[in-house]
Amino acid sequence: MSILNASITEISFYLVGFPEMESAHIWISIPICLLYTIAILGNCTILFFIKSEPSLHEPMYYFLSMLALSDLGLSISSLPTMLKVFLFNSPEISPNVCFAQEFFIHEFSAMESSVLLIMSFDRFIAICNPLRYSSILTSARVLQIGLAFALKNVLLVLPFPVSLKHLTYCKKNLLSHSYCLHQDVMKLACSDNKFNVIYGLFVALSGILDITFIFLSYALILRAVLGIASQGERFKVLSTCVSHICAVLIFYVPVISLAVIYRIANLSSPISKILMADIFLLVPPVMNPIIYCMKSQQIRNIILEKLCQKKGLQRCLIS
């Protein structure tokens with residue numbers, strides 16, 4: 001069989017770090033490992049405190065735990081190949097592993113987008129209909145919403161690896177990033193990938209719907225807040241949305257920037273694409289726990305209380 005008719009079992013894909021900077025990959029791996037460590041520890045800390053503290057068993061914190069799970073999944077999905085490329089200089093990846101990775105990366109990305117949408121609805125109900133908040137968002141309903149969106153995203157992303165597996169891959173096997181993405185892998189196919197292009201556009205449109213509904217939620221929230229007479233009350237109400245707004249910006253700005261960079265491919269350097277794609281994967285999981293720990297007084301107080309208890313216990317043991 002010639003290489004032009006190579007089957008999927010006879011080829012390997014090759015990931016890339018930063019082109020023409022291979023000698024510096026070992027040094028680049030240090031901040032990458034640090035960011036992954038912060039992301040994993042930070043999101044595990046959020047999940048631990050929400051699970052162990054009864055005072056945090058509220059809809060807002062349940063949704064925050066879903067966000068932390070999405071961030072954790074996103075970090076763990078991309079970590080192995082990032083370390084292979086930058087730390088061990090081993091860019092080769094088998095197609096099946098690549099397809100599995102791109103499924104989980106797209107799945108957790110879609111889940112994060114969905115959770116940010118749910119959290120915007122949570123803020124809308126809390127501000128615009130506070131008297132019915134506890135009756136609308138019960139614990140059972142929060143669980144049902146989370147499971148429904150998780151199932152929706154699995155079904156939405158599942159055609160990606162299935163359709164990629166049925167494509168034929170020939171001479172081209174060099175990917176554009178240190179992890180696998182659907183739009184990156186499908187470009188390597190030498191068979192007809194029209195379905196992948198159309199379906200990828202459909203999935204992208206579903207993400208645009210998420211951010212559109214988030215925008216509409218905040219438009220309604222802003223209209224309700226402007227109806228409050230006291231300026232101090234307005235500020236107090238809006239301050240409850242700051243963490244979520246920051247999380248939305250941290251997630252969507254890199255996504256939109258990456259889409260723009262790919263649109264102006266002739267004007268942008270390959271390094272700028274790779275850097276923005278890495279920011280998309282690394283920054284939200286790192287920043288979301290920090291933002292919510294800083295802006296949520298309840299979480300901050302619990303963490304400080306635990307730290308003080310630990311220090312007090314250590315002093316007792318020393319004395």
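Is S120 buried or exposed in this predicted model?

**View 1. S120 in helix α3.** S120 is buried, at 0% relative accessible area. Its place is in helix α3, which spans residues 95-128. The S120 side chain reaches the backbone oxygen of L117 at 2.5 Å. Beyond its neighbours within four places in sequence, S120 is in contact with I214, S217, Y218, I221 and H244.

**View 2. The disulfide of C98 and C180.** The structure holds one disulfide. Here C98 is joined to C180, with an S to S distance of 2.0 Å. The link is left-handed, with -120 degrees about the S-S bond. C98 lies in helix α3 and C180 in the loop between α6 (159-165) and α7 (182-186), so the bond ties together parts 82 residues apart in sequence. C98 is buried, with a relative accessible area of 0%. C180 is also buried, at 0%.

**View 3. C33 and C241.** For C33, the closest cysteine sulfur is in C44, 17 Å away and too far for a bond. C33 is partly exposed, at 25% relative accessibility. C241 is in no disulfide; its nearest cysteine sulfur, in C128, is 9.1 Å away. C241 is buried, at 0% relative accessibility.

**View 4. A nonpolar patch on the surface.** The patch is formed by L34, L35, I38, M287, I290 and M294. Together these residues have about 500 Å² of accessible area. Helices α1 (25-52) and α11 (270-295) each supply at least two residues of the patch. L34 is found in helix α1. L34 is exposed, with a relative accessible area of 52%.

Key. Residues numbered from 1 in each chain as written. Predicted model: local features only at pLDDT ≥ 70, side-chain atom pairs only at ≥ 80, totals over all residues. Heavy atoms only, no water. Patch = residues over 30% accessible without salt bridge, like charges linked within 9 Å, V, L, I, M, F, W, Y side chains within 5 Å. Areas by Shrake-Rupley, 256 points an atom, 1.4 Å probe, with all protein chains shown as cover. Salt bridge = Lys/Arg side-chain N within 4 Å of Asp/Glu carboxyl O. Helix = DSSP H or I, 4+ residues; strand = E, 2+ residues; numbered from the N terminus. Buried < 20%, exposed > 50% of the residue type's maximum accessible area, 1.4 Å probe, protein only. Polar contact = N/O pair within 3.5 Å; in protein donor to acceptor, adjacent residues only side chain to side chain. Contact = heavy atoms within 4.5 Å. Disulfide = S-S within 2.5 Å.
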